[in-house]
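Colleague: I'd like to learn how to read cavities and backbone angles in a model. Can we go through one together?

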Amino acid sequence: MKNQALESLIAIALALLVAAAVAWAGSQGGLAVAGVPLFALAGAYAFLVQWIAFVPSFAARTERYYDLVGSLTYLTSIIGVLLLADRFDGRSLVLALLVSLWALRLGSFLYQRIKRAGTDERFDEIKTSFLRFLMAWTLQGLWVFLTLAAALAAMTSAGQAPLGPLGLLGIAVWAAGFLIEAVSDHQKRAFRRDPSNKGRFITTGLWAWSRHPNYFGEIVLWVGIALIALPVLSGWQHVALVSPLFVYVLLTRVSGIPILERRAEERWGDESEYQDYKARTPVLFPRPPA
């Protein structure tokens, strides 16, 4: 237990150090409100919301509102920065719109999912531990801030420029990623609603191209956001382009694919059908089925 508490404290400290470094870099040459860099203010807000939500969640020992709070933090952060920057140029409006659409769709999808399930297995062991549960909420603050970093840096940058070809390309890339993620989620939800599929794994639709097409779409759409943001970033602000890389690392190395792959192996690892599916279907990057 002591080791777990120490690991949680270290994770919280590292999350705050990383956020502080990115906040400093992204604030260089950016807009300020009452002398406080707006980019850094958005980062502080992302953590503050999680810590406030953590208090009643820990008291009730529930993770029911974890994903919903995260999505709402995205939504309120991007809209808040748009209003506080008081600069309604095309790039800022597009970034705010795209992030808001994504947050509204994913937030409602995740909330409905946990509402149906009643629980999220990821939190079974940690929601009764103050430090481990606090760590989860703190890491969500880091997730929100780093994922939004490119958009926030562009919206608070002192420099301005027309959307241009790169911005239009970014919109197209975002749209492709958003569509892939939304279609993947819809296909899996429809699959699970069929009683005959209870306890089985999906191998049809986009899931025949990738074992995690929804995560592929998620990564792609944040690449699109980074492309839209890039033309107005300068100097240290380019650190904010960590956004899509952070999403990729998080989903492929930390909380997404590794957990789901391990659970799938525990459930169906002894089945030849599942092993065949694994052999012919890439983990992330789609490939047409043979």
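Colleague: What volume does the largest cavity have?

Modeller: Start with the idea. Rolling a probe the size of a water molecule over the atoms shows where empty space is left. This is a predicted model. Its largest cavity has a volume of about 50 Å³.

Colleague: How many cavities of 30 Å³ or more are there?

Modeller: The count is one.

Colleague: Which residues line the largest cavity?

Modeller: The lining consists of Arg87, Asp89, Arg91, Ser92, Ala154, Met155, Gly159, Gln160, Ala161 and Val232. Helix H4 (90–117) and helix H5 (130–156) are the elements that give two or more residues to this lining. By class, four lining residues are nonpolar, three are polar and three are charged.

Colleague: Where is Ala34?

Modeller: Ala34 sits in the loop between strand S1 (32–33) and strand S2 (36–37).

Colleague: Is Ala34 buried or exposed?

Modeller: Ala34 has 81% relative accessibility, so it counts as exposed. The cut-off for exposed is over 50%.

Colleague: What is phi for Arg61?

Modeller: Arg61 has a phi near 50°, a positive value, and it is not a glycine. Arg61 belongs to the loop between helix H2 (38–59) and helix H3 (66–85).

Colleague: Why does Arg61 count as partly exposed?

Modeller: Because its relative accessibility is 37%. Partly exposed runs between the buried cut-off, under 20%, and the exposed one, over 50%.

Note on methods
Residues are numbered from 1 along each chain as its sequence is written. This is a predicted model: local features need pLDDT of at least 70, side-chain atom pairs count only at pLDDT 80 or more; totals for chains, interfaces and linings use all residues. Side-chain values use heavy atoms; hydrogens and water are left out. On a 1 Å grid over the protein atoms alone, a cavity is a set of points where a 1.4 Å probe fits but cannot get out, and a pocket is an open set with protein on both sides within 12 Å along at least five of seven lines; lining residues have an atom within 4 Å of a point. Grid points are joined across faces, edges and corners, and a volume is the space filled by probe spheres set on the points. Helices (H or I, at least four residues) and strands (E, at least two) are DSSP runs, numbered from the N terminus. Ala, Val, Leu, Ile, Met, Phe, Trp, Tyr, Cys and Pro count as nonpolar, Asp, Glu, Lys and Arg as charged, and the others, Gly among them, as polar. Buried means under 20% relative accessible area, exposed over 50%, partly exposed in between (1.4 Å probe, protein chains only).
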